[in-house]
Amino acid sequence: MTTRTLAPGAGAAIGRRPVPWSRLAWVTLRQRRGLLIGGGALLGVFAVYMVVMAVIQHNAYAAVAACHPAAALKCQQVNNSFYRSYWGGGAGPVIAGGGAQTVSSLLFAIPVLLGAFAGAPLLARELESGTFRFAWTQGAGRTRWALSTLVLPALLLVAATGAFTGIFYWYFWPFLADNQVSEMLPLAFALLGVAFAAWTLLAYSLAAFLGTLFRRTLPAMAVTLVGYVVLAMATALAIRPHYATPVTVRGWNNTSAWIMSQWVKAPDGQVLSQSAVNSLSQHAPPSVQNSSSPDAFTTWLTQHGYTLWQSVQPDSRFWQFQLTEGAWLLVVSSLLIAATVWLVRRRGA
């Protein structure tokens, strides 16, 4: 029988090596595969529809672009038929019945749905069930566990929504090509460029933070929905218009810009109130009041010495506005993720 000699301190607990990041990432993917598959399916359904409709719309728009001169009555009829069929519903094919305007409106719900369903349960479910304790005792640690759980799904969401934006742009392009719809309008702006992915990341980060704060999934999802809607509306109405000083232009035909306001000046230079403009409209000749042309009244005003003015954000500022909005959304999302990790570190075992 031999006696083993123990070195001093050998009986002390040997520190466990941290679990490699690659293994943590694999575990995160395994645990969240249901959410990832569900989010992919949601984007996939819209993506397939838009790819099919993009092919149909591009073929239909080719006839509009090929018709010359564009001001001819025949070309105007072809153009109007295209927009009735594919932009706002109308009498087009059944698959296009909703129109691009309706599809765009529906897509505004995608970021908050993806963010709430993917972000809220991430840590809240672990905290509710108590399974977080097991992860902390397996060499993951609180910070590493929180970061691996939060960051990898966030990167996948940004990549997926970024690719989805490319498909949407292809689908939406015919309506932008002839400046009938401005990409600066709230209807399109949040779905193009980097904004769609940035808003999805914000919803995800907010849901994850609230899930960790409340330690409950459903309350976190509900508050995320309300908070997201309030912030998105405040951004479109009060924040985004101030990314740059609007440009004042003469005329009311700036369809390739986001119109902030418009007004009429009398021949003496005085700005008319809306009631004064309405009074002019009521006293215009019957040929103007009964005209089928939407520009009849403004043309009559111009002929009588009135000038029309607009305050606009031109389409040339699209990427300036996109990068500005994407930057502050990224900062807010990063702060929310950092705050979530801080809450996890303070969480008692």
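In this predicted model, helix 4 (residues 99–107) and helix 7 (residues 142–177) pack with their axes coming within 11 Å and crossing at roughly 155 degrees. Angles over 145 degrees count as roughly antiparallel, so helix 4 ends up roughly antiparallel to helix 7. As for handedness, helix 4 passes helix 7 in a left-handed crossing.

So much for the geometry; the residues come next. On the helix 4 side, the contact is made by Gly 99, Ala 100, Val 103, Ser 104 and Leu 107. Helix 7 answers with Phe 164, Phe 168, Tyr 171, Phe 172 and Phe 175. Sorted by class, this contact between helix 4 and helix 7 comes out at eight nonpolar and two polar residues, with no charged ones.

Turning to the strands, three of them form an open sheet in the order 1-3-2, and the pairing is antiparallel. Strand 1 (247–250) and strand 2 (257–265) sit at the edges with a single partner strand each, so one side of each has no neighbour in the sheet. On average, neighbouring strands here are turned by 30 degrees against each other, direction ignored.

Within this sheet, strand 2 and strand 3 (residues 307–314) run antiparallel and are joined by eight bridges. As for individual partners, Trp 258 has its bridge partner in strand 3, namely Gln 313.

Methods
Residues are numbered from 1 along each chain as its sequence is written. This is a predicted model: local features need pLDDT of at least 70, side-chain atom pairs count only at pLDDT 80 or more; totals for chains, interfaces and linings use all residues. Side-chain values use heavy atoms; hydrogens and water are left out. Two strands pair if DSSP finds at least two bridges between them. Helices (H or I, at least four residues) and strands (E, at least two) are DSSP runs, numbered from the N terminus. Axes are lines fitted to C-alpha atoms, for helices over the stretch in contact, and angles run from 0 to 180 degrees between N-to-C directions. Angles under 35 degrees count as roughly parallel, over 145 as roughly antiparallel, 65 to 115 as roughly perpendicular and the rest as oblique. A crossing is left-handed if the near helix is turned anticlockwise from the far one by less than a right angle, and right-handed if clockwise. Contact means heavy atoms within 4.5 Å. Ala, Val, Leu, Ile, Met, Phe, Trp, Tyr, Cys and Pro count as nonpolar, Asp, Glu, Lys and Arg as charged, and the others, Gly among them, as polar.
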